[in-house]
Amino acid sequence: MRLASAPGSWGIEPSSVLGDPPWRRVLSEIRQAGFDGTELGPFGYLPTDAAALREALAEHGLALPAGYVMQPLADAELREEVLELTRGTCALVAGTGGQALVVIDGLDPARSATAGRSAEAARLPATAWRRLVGTVGEIVAIAAEHGLVAAFHAHAGTHVEFDDELERLVDDVPGLRVCVDTGHAVYAGTDPLAQIE
């Protein structure tokens with residue numbers, strides 16, 4: 001079994017206020033920790049030129065199995081920006097030999113306030129849900145164009161956190177797979193083994 005880590009394990013997030021450690025150091029420490037690869041992390045943290053990134057990964061003996069897009073997927077005003085980010089991420093992941101794109105809805109303040117508590121969490125209205133489904137469907141198509149599998153990660157504090165939402169999304173978006181995060185599953189009241197099965 002080969003295991004990969006991610007820049008997120010080093011605190012690298014899309015909007016860091018404290019400043020991020022240098023990416024070469026993070027790659028070196030991922031390797032030193034015994035991992036075989038790394039996820040891409042926020043687009044722009046690692047080099048965005050595929051050839052340069054392949055070279056950097058090779059220097060550290062790492063593979064890059066996947067990247068992610070975490071954006072507010074039901075926001076009509078951000079749709080084109082989300083799809084452009086998806087294209088860039090998919091091109092970079094595919095260009096470095098990756099196989100998957102993890103799709104995550106962006107954090108929402110109201111949903112974050114009820115994270116982990118399904119009964120208290122307001123569900124998206126029908127119109128917003130259709131927008132989310134449409135955007136995820138386009139992301140799946142973009143990933144496929146790049147030879148990648150799109151897998152949805154049900155993340156705490158988002159509009160797709162709980163079993164009913166994840167099951168509905170998988171039913172509504174043909175070709176969408178699931179990326180099970182054991183910690184977030186347990187936090188949302190789900191047995192991750194049951195989710196995998």
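Modeller: A cavity is a set of grid points where a 1.4 Å probe fits but cannot get out. The structure to which we apply the term is a predicted model.

Biologist: Which helices give two or more residues to the lining of the largest cavity?

Modeller: The largest cavity has a volume of about 70 Å³. Of its 14 lining residues, Ala 154, Glu 161, Leu 166, Ala 185 and Gln 195 are the closest to the centre. The elements that contribute two or more residues to this lining are helix H6 (163–172) and helix H7 (182–187).

Biologist: What is the volume of the second largest pocket?

Modeller: Among the residues that line the second largest pocket are Met 1, Asp 36, Pro 65 and Gln 99. This lining divides into six nonpolar, four polar and two charged residues. The volume of the second largest pocket is about 210 Å³.

Biologist: I now have some questions about helix H2. Are its buried residues on the same side of the helix or on opposite sides?

Modeller: Within H2, residues 50–59, the buried residues are Ala 50, Leu 53, Ala 56 and Leu 57. Because these residues cover an arc of only 125° around the axis, they lie on the same side.

Biologist: Which residues are exposed on the other side of H2?

Modeller: A residue is called exposed when its relative accessible area is over 50%. On the other side of H2, this applies to Glu 55, Ala 58 and Glu 59.

Biologist: Against which elements do the buried residues of H2 pack?

Modeller: The buried residues in question are Ala 50, Leu 53, Ala 56 and Leu 57. Their packing partners are helix H1 (23–32), strand E2 (37–38) and helix H3 (79–95).

Biologist: Which residue caps the N-terminal end of H2?

Modeller: The cap is formed by a side-chain oxygen that lies 3.3 Å from the backbone nitrogen of Ala 51. The residue that provides this oxygen is Asp 49.

Biologist: With which residue does the side chain of Arg 24 make a polar contact?

Modeller: Arg 24 is found in helix H1, and its relative accessibility of 44% makes it partly exposed. Leaving aside neighbours within four places in sequence, Arg 24 is in contact with Glu 59 and His 60. At 3.2 Å, the side chain of Arg 24 makes its polar contact with the side chain of Glu 59.

Biologist: Is Cys 90 buried or exposed?

Modeller: Cys 90 belongs to helix H3. Beyond its neighbours within four places in sequence, Cys 90 is in contact with Leu 101, Ile 142, Ala 143, His 146 and Leu 148. Buried means a relative accessible area under 20%. The value for Cys 90 is 0%, so this residue is buried.

Biologist: What is the C-alpha to C-alpha distance between Gly 88 and Thr 48?

Modeller: Gly 88 is also a residue of helix H3, and at 24% relative accessibility it counts as partly exposed. Along the sequence, Gly 88 and Thr 48 are 40 residues apart. In space, their C-alpha atoms are separated by 8.3 Å.

Biologist: Finally, what is the relative accessible area of Ser 5?

Modeller: Ser 5 has its place in strand E1. Not counting residues up to four places away in sequence, Ser 5 touches Trp 10, Ile 30, Phe 35, Gly 37, Thr 38 and Glu 39. Ser 5 is buried, and its relative accessible area is 10%.

Definitions and conventions:
Residues are numbered from 1 along each chain as its sequence is written. This is a predicted model: local features need pLDDT of at least 70, side-chain atom pairs count only at pLDDT 80 or more; totals for chains, interfaces and linings use all residues. Side-chain values use heavy atoms; hydrogens and water are left out. Buried means under 20% relative accessible area, exposed over 50%, partly exposed in between (1.4 Å probe, protein chains only). Helices (H or I, at least four residues) and strands (E, at least two) are DSSP runs, numbered from the N terminus. The arc is that of the directions from the helix axis to the C-beta atoms. Contact means heavy atoms within 4.5 Å. A polar contact is a pair of N or O atoms within 3.5 Å; within protein, one must be able to donate a hydrogen and the other to accept it, and residues adjacent in sequence count only if both atoms are side-chain atoms. On a 1 Å grid over the protein atoms alone, a cavity is a set of points where a 1.4 Å probe fits but cannot get out, and a pocket is an open set with protein on both sides within 12 Å along at least five of seven lines; lining residues have an atom within 4 Å of a point. Grid points are joined across faces, edges and corners, and a volume is the space filled by probe spheres set on the points. Ala, Val, Leu, Ile, Met, Phe, Trp, Tyr, Cys and Pro count as nonpolar, Asp, Glu, Lys and Arg as charged, and the others, Gly among them, as polar.
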